[in-house]
Amino acid sequence: MKHAYRKYIENFDVNLLQCMVLGKGHNGIVYLLPDGKVIKVCFTEKSCRSEYYILNKVNGNMYFPRVYGICGNYMIRDYVGGKSLKDYIKEYGFNRDIALKVILLFEEFDKLKFTKRDIRCKDIFVQPDATLKVIDPKKCYSKDRDFPRHLSKGFEKLGVLDYFMEVVKEEKPKLYRKWFSKVKEYIREISEEDD
């Protein structure tokens with residue numbers, strides 16, 4: 001399976017102008033390939049190598065798309081459908097089941113020995129079967145962050161942070177004690193910046 005996409009990596013011959021653009025972010029553009037996989041064309045080789053390193057290290061993990069190869073500034077990986085957590089919450093609301101799944105995702109970050117235990121709401125996708133997938137992992141092994149700063153900011157903007165922290169408190173009191181003061185301080189800082 002690992003070499004099934006060698007044709008793309010060694011002799012890429014798909015016309016990207018004929019492929020559907022799935023998204024564009026700070027690091028690159030993601031296109032849907034004719035066979036259902038995606039190609040992410042990064043703006044720099046460095047950002048491509050960095051993201052590929054993380055995805056390859058966790059290859060096969062249920063929370064991340066499988067990667068098949070890299071060449072220069074592009075990589076081939078599995079398609080991640082569904083809705084971003086941000087859009088999902090806006091459309092369907094936030095409930096205990098999703099909160100618990102986010103907590104489990106963070107526990108998985110610990111198991112994977114991530115030094116950065118944080119992710120943006122827009123980089124978590126709720127799949128049709130209600131499982132979660134992460135796209136665009138950044139600096140998971142190179143940045144130190146022991147609480148979900150970006151996630152907290154996203155949840156605060158969506159009006160669900162207090163509920164999420166209540167679920168964390170009930171289900172994982174030790175984690176709650178670790179996160180609470182840091183999350184509270186960070187939210188205070190960003191609200192002061194907005195004033």
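**Helix packing, then the sheet**

Start with helix α3, residues 85-92, and helix α5, residues 149-158: their axes come within 11 Å and cross at roughly 20 degrees. Axes here are lines fitted to C-alpha atoms, for helices over the stretch in contact, with angles from 0 to 180 degrees between N-to-C directions. Helices (H or I, at least four residues) and strands (E, at least two) are DSSP runs, numbered from the N terminus. So α3 and α5 are roughly parallel to each other, a label for angles under 35 degrees. Their crossing is right-handed, meaning that the near helix is turned clockwise from the far one by less than a right angle.

Who makes the contact? On α3, L85, K86, I89 and K90; on α5, L151, F155 and L158. Contact means heavy atoms within 4.5 Å. By class, this contact of α3 with α5 has 5 nonpolar residues, 2 charged and no polar. Nonpolar covers Ala, Val, Leu, Ile, Met, Phe, Trp, Tyr, Cys and Pro; charged covers Asp, Glu, Lys and Arg; the others, Gly among them, are polar.

A word on provenance. This is a predicted model: local features need pLDDT of at least 70, side-chain atom pairs count only at pLDDT 80 or more, and totals for chains, interfaces and linings use all residues. Residues are numbered from 1 along each chain as its sequence is written, and side-chain values use heavy atoms, with hydrogens and water left out.

Now the sheet. It is open, with 5 strands in the order β1-β2-β3-β5-β4, and the pairing is antiparallel. Pairing requires at least two DSSP bridges between two strands. On average, neighbouring strands are turned by 20 degrees against each other, direction ignored.

Look at β1 and β2. A hairpin of 3 residues joins them. V21 stands opposite Y31 in β2.

Helix α2, residues 45-57, lies across β3 (38-42), β4 and β5 (74-77). It runs at about 155 degrees to β4.

Finally, the whole chain. It has 7 helices and 8 strands. Its C-alpha atoms fill a box of roughly 50 × 35 × 35 Å along the principal axes.

Conventions. Angles under 35 degrees count as roughly parallel, over 145 as roughly antiparallel, 65 to 115 as roughly perpendicular and the rest as oblique.
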